[in-house]
Every structure is written in C-alpha cells, then in structure tokens.
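Here is a set of exercises to work through with the model open beside you. Try each task before you read its solution.

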Amino acid sequence: MEKNLKKLPEEILSLIYLSRDIAEELGFNAYLIGGFVRDLILGVKNLDLDIAVEGDGIKFADNLAQRLNVKLTRHKRFGTATLTVKPQLKLDIATTRKEFYPEPACLPVVNIGMLKDDLARRDFTINTLAISISGKKFGELINLFDGENDINNKNIRILHNLSFIDDPTRILRAIRFEQRYNFKIEPNTLKCLKEAVKLKILNIVQPQRLRDELILLLKEENSLRAIKRIRKLVGFNFINPALSISAKTYDLFNSISRQIRWFKSKFVLHRKLDVWLIYFMALIDFLKVNQVKSLCRRFVFCKGEEKRILSYMKLRSKIMLKLSRNKIKPSSIFHLLEPLSYEVILLIKAKSKNKNIKKHIEDFFHIYHRTDISVSGHDLKDLGFTPGPGYQKIFNKLLNAKLNGEIKTKKQELDLVKRLKNK
Ligand code: CTP
C-alpha cells in the first residue's frame with residue numbers, strides 16, 4: 001500500500017509521516033483505518049483521515065496537535081479526539097476499541113481492544129481495512145475480513161448476521177454506500193437487512209441517530225437513487241407513517257438539483273446551502289403542519305433547522321399564490337422572500353411550475369436581495385427627527401421606494417425624507 005500512500009497529496013502524506021514518528025516515539029502501533037482506506041483503494045478523494053492507535057489515542061492526538069500547532073477536540077469518554085488541520089482536512093484519532101451491544105438498537109458498551117477488535121465491530125467489510133503506519137510494517141494493508149475483495153467486487157457485506165439488529169442505522173448506511181459507489185448489497189446482507197426491516201427494528205432506534213443517517217444520505221451526490229432504494233427496501237415509516245413518496249417527489253428532487261446548480265453557479269459568494277435540508281423538506285412536503293411539528297420534536301432538529309422547515313410548511317402556499325401574479329411590486333417580492341432562508345426559497349422555486357414565480361425569485365436573488373439604503377439614523381437626526389420607533393417606518397419607506405426604482409442616490413433618499421417630513 002506504500003505506493004498508494006505516496007500518491008496522496010503532499011500535505012496528507014506529511015501528516016501520515018508525522019503520525020508514524022509520534023507512534024514510534026510513544027511506542028504505539030498506529031493504523032489508518034475505515035473510510036479513508038476504503039477510498040484510497042477506490043481512488044476516491046477523502047480528506048477525513050481516521051487513525052486508530054493501539055495504546056493511548058488521546059496521548060497520541062495531544063502530541064500530534066502540539067507538533068502541528070492545531071486545535072484538538074477531545075472526547076475522553078470514547079477515547080477519541082478530532083484534529084482540525086484545515087477546515088477541509090480533519091483527522092479523527094481513536095484508541096482501538098472493542099464493542100458489545102447489550103440490547104438491540106442501543107448504543108454499544110465500549111472497551112479498549114486491539115486492532116482486530118476494532119475492525120470486527122464495524123458495519124461492512126469495505127470499512128474494515130487498515131494500513132499500518134508505524135514501525136517496520138509501515139504501508140502494510142491489514143485485510144482481516146476480506147474487505148479488499150469486496151471492494152474489488154463491489155459488494156456491501158455485513159460482518160455477522162446480527163449486524164443490522166445491533167445497529168439498525170446500518171440499514172440506511174448500507175443503502176448510502178451502495179448508491180454512492182454503485183455497489184450491490186450482497187445476497188446474505190440483503191436478506192438480513194430485509195429481516196431486520198420486517199422486525200420493525202428502525203422503530204426502536206433513538207430518532208436522532210436516524211436523523212443523522214438520513215442527513216448524511218441526503219447530502220450524497222445522488223440522494224434520489226438512495227431514496228428510491230429506501231422506498232423499495234425499507235419504506236418511510238421511520239420518518240412518519242403518513243409519508244408517501246411518489247413520482248412527484250422524484251420530480252421534485254430532480255427539479256431541486258437543477259435549482260441548486262443554478263444557485264451555486266450564479267451566487268458563488270452567498271453562504272453555503274444546506275442542501276440536505278431542501279431535500280428533507282421535499283420528502284415531507286405532503287405531511288400536515290402538525291405532523292411536521294411533531295417530527296421536528298422527535299428528530300430534535302436544531303432551532304435554525306426547525307425554523308426553516310416550519311416556515312416552509314406554513315408560508316409556501318401564501319407565497320406561491322402572491323408570487324404567481326404577473327404584476328407585483330419589487331418591494332412586495334422583497335418583503336415576501338427576504339425573511340425566508342435560501343433553502344426555502346429554492347424549494348419554492350423548484351416546486352413551482354408557474355413562470356411568474358420563477359421569474360420573481362430570480363429577480364429577487366439578482367436584484368432585490370441585500371438592497372440597502374444609505375440614509376442613517378444620524379441623517380434623520382440632522383434633519384430634525386426625534387430618535388424613536390418612527391425611524392424604522394421612514395427606513396422602510398425609503399427601502400420600498402429604492403426597490404421600486406423610484407429613488408437611487410443618497411440625495412434622492414434625503415429628498416424623500418424631507419418630503420415625508422413636510423407631510
Ligand atoms: N461505523 C459502524 N457503524 C455505524 C457507524 C460507523 O460500524 N453505525 C464504523 C464504520 O466502519 C466506519 C467508521 O465507523 O468506517 C467511521 O464512521 P463514519 O465516519 O460515519 O464512516 P466513513 O466510513 O468514514 O464514511 P463517510 O465516507 O460517509 O464519511
């Protein structure tokens with residue numbers, strides 16, 4: 001594997017060499033492990049390095065962080081630590097662990113173990129490969145569960161028949177990896193997956209864990225294929241029994257993906273989209289507001305996420321109706337859309353077939369969004385206005401006039417203020 005390692009970008013390679021040196025100094029065995037090794041073999045770019053240490057992972061991570069002079073986040077309870085080398089380059093370090101599941105679908109009990117134990121607790125064989133990065137064995141591939149063969153044959157395979165019962169979130173993970181790499185869930189794994197689904201095992205998993213897996217799935221490049229596969233193999237009861245996914249949802253997903261491409265190509269400097277959230281709202285599009293409210297509570301979304309989801313559910317019809325008119329003032333478009341998030345606006349655009357709605361939303365992003373006025377509170381004070389709530393009303397009038405093209409320059413704004421004063 002040394003050959004493959006040497007093909008990595010210089011920055012990652014030097015990180016691996018530094019890890020080797022620290023492992024040697026501390027007398028630990030260290031391994032690259034899991035998704036990073038899988039992707040290295042597949043030739044897929046992956047900037048999330050996972051290192052497993054036979055020894056003390058936290059001590060190893062402390063040393064590495066000091067040498068690199070970067071931030072380290074410790075998770076003492078799990079013997080793991082995360083090192084953020086750059087926003088895009090992360091290193092997760094863990095002490096090799098042994099796990100056992102006291103009950104189905106519960107979090108496992110974790111103890112310190114050897115590399116073999118750490119690999120044996122994993123979801124699929126493709127994630128059980130490790131590369132030694134310490135001592136004389138530097139660069140050696142450790143392939144205890146025939147993961148290399150499964151990668152080459154494009155198979156998703158569990159390590160033992162109770163894997164989905166131990167951790168039902170693996171049902172969603174199997175589908176995610178299968179669709180991401182265009183692999184196949186091999187027959188016995190598929191049989192176990194179907195049996196676990198029949199047992200309604202997803203109903204007893206902590207909902208937040210399902211939420212996290214669903215989010216990961218909706219972040220995938222081709223989440224629609226995974227959604228189709230979930231529909232076929234699992235169903236959507238785990239989100240809500242009333243959820244029905246049809247060809248309309250598929251069309252909406254395709255339309256969303258076009259809108260996301262449009263937005264990203266036109267507005268490179270705007271904040272990054274939460275793409276998964278747009279797809280999630282599309283999935284639950286046909287639920288009633290009350291069902292969505294209780295789903296938000298069950299999935300424990302963070303405030304900002306819940307707010308965006310509920311604003312879409314509550315306001316979409318009103319907004320679509322108003323924007324469907326041909327003649328609507330720019331200031332009205334602005335006040336309808338400005339309070340909404342990019343995710344909600346793009347979903348409305350993706351959902352509507354009406355040309356006016358699409359045009360008004362495009363105008364909003366191209367022209368009206370972020371419109372600001374030049375007159376300040378100081379200007380109003382200089383013109384003899386007493387500071388107070390009245391200021392906001394004047395600012396609004398100026399903003400509307402500016403949006404509607406009635407005024408452009410600061411002088412015109414000041415003239416309008418003076419006219420308002422005389423009135
Ligand atoms: N894992 C598992 N069961 C889970 C979640 C994770 O066995 N329910 C194991 C997998 O073997 C995985 C490792 O923990 O390789 C790290 O998990 P994660 O970072 O989620 O997976 P990656 O393989 O790195 O996947 P991705 O490329 O999506 O980040």
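Accessible areas here come from the Shrake-Rupley method with a 1.4 Å probe, and for residues only the protein chains shown count as cover. The model is a predicted one: local features need pLDDT of at least 70, side-chain atom pairs count only at pLDDT 80 or more, and totals for chains, interfaces and linings use all residues. Residues are numbered from 1 along each chain as its sequence is written, and side-chain values use heavy atoms, with hydrogens and water left out.

**Exercise 1. The whole protein**

Describe the protein by its surface, burial, secondary structure and charges.

Solution. 
- Start with the surface: the protein has an accessible area of about 21800 Å², and carbon and sulfur atoms hold 51% of that area.
- Next, burial. Buried means under 20% relative accessible area, exposed over 50%, and partly exposed in between (1.4 Å probe, protein chains only). By this rule, 51% of the 423 residues are buried.
- Now the extent: a box of roughly 85 × 50 × 35 Å along the principal axes holds the C-alpha atoms.
- For secondary structure, helices (H or I, at least four residues) and strands (E, at least two) are DSSP runs, numbered from the N terminus. The protein has 21 helices and eleven strands.
- For contacts, take heavy atoms within 4.5 Å. Among the contacts with a separation of 6 or more, 65% are between residues 24 or more positions apart.
- Last, the charges. Lys and Arg count as positive and Asp and Glu as negative, while His and the chain ends are not counted; each charge is placed at NZ of Lys, CZ of Arg, CG of Asp or CD of Glu. The 79 positive and 46 negative charges have mean positions 10 Å apart.

**Exercise 2. The ligand shell**

Which residues are closest to the ligand, and which helix gives the most to the shell around the ligand?

Solution. 
- Set the cut-off: a residue is near a molecule or strand if one of its heavy atoms lies within 4 Å of it. The ligand is surrounded by 13 residues, and the closest are Arg38, Asp123, Asp167, Arg176 and Arg180.
- Look for polar contacts, which are pairs of N or O atoms within 3.5 Å; within protein, one must be able to donate a hydrogen and the other to accept it, and residues adjacent in sequence count only if both atoms are side-chain atoms.
- A polar backbone atom of Asp123 is 2.7 Å from a ligand oxygen. In the side chain of Arg176, an N or O atom is 2.8 Å from an oxygen atom of the ligand, and for the side chain of Arg173 the distance is 3.2 Å.
- Check the cover: on its own the ligand has 570 Å² of accessible area, and the protein covers 74% of it.
- Finally, assign the elements. Helix H3 (35-42) and helix H8 (169-181) each give two or more residues to the shell, and H8 gives the most, with six residues.

**Exercise 3. A residue of H8**

Is Thr169 buried or exposed, and with which residues is Thr169 in contact?

Solution. 
- Thr169 belongs to helix H8 and is buried, with 4% relative accessibility.
- Its side chain makes a polar contact of 2.6 Å with the side chain of Asp167.
- Beyond neighbours within four places in sequence, Thr169 touches Val205, Arg209, Leu210 and Glu213.
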